[in-house]
Amino acid sequence: MAAIVNVKWKAQPRLSAIHAAYVVATSERCSDSKTESMLAPAVTDINRRLLSASLDMGVFWRRLILEAADDRDDQAACEIALAAAGCSELQLDSTSSIVLNRIRDCRTVMTQRFPKLAEQLELRGRPLIERFEAYGPGLLRAVADFVWDKSPPKDWWPTRLDGMLVQPVLGGDGGTDPDNSRFWIEAMLTDADPAVPEVLRVVYLITDAAIARHTRGVSGERSTSLPWSLAVVPIVLTVAAELELVRREPLPVEAACRLWRVGDLTTSRVLADWWSDYLLSRSPLPVALKSLDRMLAEHRPLIPLKDV
């Protein structure tokens, strides 16, 4: 089956170092305890500096990984990420100098830990690439037909995407940069959970990137607040069930949300309930998404006034 999205796969040892630091900095779990312990001193120091400067830690790490994916040099990437996190011009020089040194420490750690990382990533990524080449085109066509009721526009999918392979440190992870037509994914040799094959993570990432391209406004932000990124999860799983890649009853929505880091446990349960209702009603997807948004709002915890 001919590909409808041309994915150019690349081993990314440089991005791997930033991704590993990002995971250690922001995740509660890490599947590679040795790498985590080696990176922890530098990452902890970065987080401490961010907190002491009252900067948004989450924004910093998310922007840093985007800049690293763009293959920007570390100094420029640090400065851009710090500015995005709220660092003032007066703080920037001193803070970026310290953070840059710690980022370089992280790179040294990854070089010591994986001296032949580029070659290893190419080998590790081969099974995932082969599986995507076998199942990806059919899954993507089915997803587009589902979203667009069998009438997807010709420009729905990006004509080309860079698939960036990084060293696994979370036991399965990925992210997208739709503005620059790329995604990154941990090069897992085996499925993190047999109930949700890793090839479906690739389909999810590509679909989410396509939706982001078509729903962003002039500012680059998504022009709709509808929870498309959530809805993509059961859509991908439903078309995968047609190929017997996942079980149909019950659809593993909670497991996929956990593996793909989409929402929390409450969100995934609301999503599963919403999908069951949607399959019965088959209302137009944009209308159904408004219903999902209302359901999510009803289950969001109230924020105490003192925390606002």
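1. A residue is called buried when its relative accessible area is under 20%, exposed when this is over 50%, and partly exposed in between (1.4 Å probe, protein chains only).

2. The model is predicted: local features need pLDDT of at least 70, side-chain atom pairs count only at pLDDT 80 or more, and totals for chains, interfaces and linings use all residues. Residues are numbered from 1 along each chain as its sequence is written, and side-chain values use heavy atoms, with hydrogens and water left out.

3. A disulfide is a covalent bond between the sulfur atoms of two cysteines. Here a disulfide is counted when two cysteine sulfur atoms lie within 2.5 Å, and the count is zero. For Cys30 the closest cysteine sulfur, that of Cys106, is 12 Å away, too far for a bond. For Cys87 the closest is that of Cys78, at 11 Å, again too far for a bond.

4. The structure contains eleven aromatic pairs. Rings of Phe, Tyr and Trp (its six-membered ring) pair if their centres lie within 6.5 Å; planes under 30 degrees apart are stacked, over 60 edge-to-face, and the rest tilted. One of the pairs joins Phe146 and Tyr278, which is tilted, with 6.4 Å between centres and 45° between planes.

5. Phe146 belongs to helix α6 (residues 117-147) and Tyr278 to helix α10 (residues 265-281), so their pair ties together parts 132 residues apart in sequence. Helices are DSSP runs (H or I, at least four residues), numbered from the N terminus.

6. Both Phe146 and Tyr278 are buried.

Note on methods: Helix = DSSP H or I, 4+ residues; strand = E, 2+ residues; numbered from the N terminus.
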